[in-house]
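Work through these exercises with the structure in view. Try each task before you read its solution.

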Amino acid sequence: SSWPPWSFTRGTSSKMGAKGPAAGKTKEAKMKAATAKKGIKKKKWSKGRARDKLNNAVLFDKETEAKLMKEVPTYKLITTSVVSERLKVTGSLARVAIRLLREKGLIKPVSHSSAMLIYTRATAAEE
């Protein structure tokens with residue numbers, strides 16, 4: 001019975017040693033261990049934090065437009081998300097507002113990629 005050489009039967013006894021939590025215990029101890037595990041409840045997943053629904057404006061009103069012209073050109077960092085967050089307008093409206101300010105020369109571009117539009121205030125020294 002020496003062939004095949006990778007045979008698992010050679011060198012092992014017919015009686016395997018007891019493993020696990022019931023190793024070398026009496027019948028009563030084994031039963032107690034088995035019933036104790038059943039009482040443990042499985043951990044439930046938490047629901048996670050729900051974000052508050054943003055109620056951003058989809059059109060400019062007079063106050064928001066005035067705030068845009070007055071405050072946004074003074075920001076050091078001007079991005080779509082910054083304008084959207086501070087003026088409580090949607091992202092698409094913020095992009096339009098940034099384009100409007102750029103065309104008027106109130107802000108200047110720092111980086112312009114398809115993913116992120118980054119602008120800064122236009123300083124008087126450059127004009």
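This is a predicted model: local features need pLDDT of at least 70, side-chain atom pairs count only at pLDDT 80 or more; totals for chains, interfaces and linings use all residues.

**Exercise 1.** Find the pattern that the protein chain follows along the sequence.

Solution. Begin with the elements: there are four helices and two strands. Next, read them in sequence order. The pattern is α-α-α-α-β-β.

**Exercise 2.** Describe how strands E1 and E2 pair.

Solution. Locate E1 at residues 107-112 and E2 at 117-121. The two strands run antiparallel, paired over five bridges. Look across the pair: Lys-108 faces Thr-120 in E2. Then check the link. Four residues lie between the strands, and together E1 and E2 form a hairpin.

**Exercise 3.** Which residues touch the most other members of the largest nonpolar core?

Solution. This core has 16 residues. Val-72, Ile-78 and Val-83 touch the most other members. H3, H4 and E2 each give two or more residues to the core. H4 provides the largest share, with five residues. Now take Val-72. Leaving out residues up to four places away in sequence, Val-72 touches Lys-67, Ile-78, Val-83, Leu-87 and Leu-101.

**Exercise 4.** Where is Lys-88 found?

Solution. Locate helix H3 at 80-87 and helix H4 at 91-104. Lys-88 sits in the loop between them. Then check its backbone: Lys-88 is not a glycine, yet its phi is positive, about 55°.

Notes: Residues are numbered from 1 along each chain as its sequence is written. Side-chain values use heavy atoms; hydrogens and water are left out. A nonpolar core is a set of buried Ala, Val, Leu, Ile, Met, Phe, Trp, Tyr and Cys residues joined through side-chain atoms within 4.5 Å. Buried means under 20% relative accessible area, exposed over 50%, partly exposed in between (1.4 Å probe, protein chains only). Contact means heavy atoms within 4.5 Å. Two strands pair if DSSP finds at least two bridges between them.
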